[in-house]
Protein chains: 2
Amino acid sequence: MTGLRKERTRQSRELLLRAAAELFAEKGYHSTSLVDVADRSGVSRGSIPSHFGDKLGLLRAVVEQLHSDIAESMTTPLAPGAGGARGISHLGRTSIRRHTTKLFLALLHEASDPDSPIHTSFAQIHADMRDYLHAWLARPEISTELPPGVAPGDLACAIVGAIIGINQQWSLNPKAVNVAAAYDAFVRTLFNSLDWAGSDEAEPANA
Amino acid sequence: MTGLRKERTRQSRELLLRAAAELFAEKGYHSTSLVDVADRSGVSRGSIPSHFGDKLGLLRAVVEQLHSDIAESMTTPLAPGAGGARGISHLGRTSIRRHTTKLFLALLHEASDPDSPIHTSFAQIHADMRDYLHAWLARPEISTELPPGVAPGDLACAIVGAIIGINQQWSLNPKAVNVAAAYDAFVRTLFNSLDWAGSDEAEPANA
């Protein structure tokens, strides 16, 4: 393959992936046809098999991309102390408007069948989120403040749960949920004993 | 209509509703046909219109039932103090194995479209859950212990979120989530200042 042809193939693949991710998020997986994907992307229907095989192959590729996008938002470890708690709030608030959140919700029922080809990736997205929070909760200045008997891994699961569930409530009825206030109330109450006054500068400017 | 015929009509309606709820939870709304519902219920396909009109009417009736089942699990107010915090943990843990949780997740994408006929009911289920938690958080012995600036309504949203999201993680990968430990860690950390030692008898025996 020449360099130019390779580049065009890469572009077509990317256009198809983006169109499929949009359509799956909007209409769901089952209601989206390969013709819809071709129409939305501007790439010919006939070229899809060479890129992804069948519709399931396309779904798998969309979910791989989703997984890597979500993983990318968690590459920088959370700051120590109250700055990290603010970081959790920031992560939740910024995730809410991302395309990935809508896509995740749209494919969730698809993924919940253990035989689904995307089941493992979805379970891994949850596991990555728990690990990310767990690493912060296990920091000595946080873990020593937890009530007796509370394991960082179990609390990580509850925090990931709150991020999922606040976003789900907002997706269903944006007017009923004050997202910033909900996240702020959540981390303030969970980590009340941290030194919040000293961490103001850790709040990202674009939060 | 005679008494006997009325009773048979009521029974058929109930069998159809139950079959539809099961099938929507298993296969999703779009992949379920009215013939599937008739087959599962043992009621004739031809009688469905007289009960529910069309498939959308059946969906609406299933969601009304879902809404009232979830509302029923929240009729008793949460106990004061740490007993109420244990009650939140209990509510979350028991909801997880209920059929309603699976059905809620299965119909969520369906409901997320604001034009969907079940959108309002789904938004109301979330609102009912927030109100139920809010009433408890607004109790004087709880609200006075919240950090400055934390409004009970915002924290209620985060707690509802955690219930939704812990259940979602469990639905996707039951082996990865210790549900009892996650709920316990969650309420212990949020409401650490409550008198937990004095509330042991408030824990339901079947928790």
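I take helices (H or I, at least four residues) and strands (E, at least two) as DSSP runs, numbered from the N terminus. This is a predicted model, where local features need pLDDT of at least 70, side-chain atom pairs count only at pLDDT 80 or more, and totals for chains, interfaces and linings use all residues. Residues are numbered from 1 along each chain as its sequence is written, chains are lettered from A and ligands numbered from 1 in the order written, and side-chain values use heavy atoms, leaving out hydrogens and water.

**Fold.** I looked up the secondary structure of chain A and got 10 helices and zero strands. The C-alpha trace of chain A spans about 60 × 35 × 35 Å along its principal axes.

**Annotation.** I checked UniProt: an unreviewed entry lists "domain: HTH tetR-type" for residues 10-70 of chain A. Such annotations may be inferred rather than shown by experiment, and positions follow the numbering used here, with feature names shortened. That span is 77% helix and 0% strand, and its end C-alpha atoms lie 22 Å apart.

I next looked at burial (under 20% relative accessible area, 1.4 Å probe, protein chains only). Of the 207 residues in chain A, 51% are buried. A nonpolar core here is a set of buried Ala, Val, Leu, Ile, Met, Phe, Trp, Tyr and Cys residues joined through side-chain atoms within 4.5 Å. The largest one has 137 residues, and Phe122(A) and Phe122(B) are among those touching the most other members.

**Phe122(B).** I listed its contacts (heavy atoms within 4.5 Å). Leaving aside neighbours within four places in sequence, Phe122(B) touches Leu172(A), and in chain B its partners include Val63(B), Leu66(B) and Phe104(B).

Key: Buried < 20%, exposed > 50% of the residue type's maximum accessible area, 1.4 Å probe, protein only.
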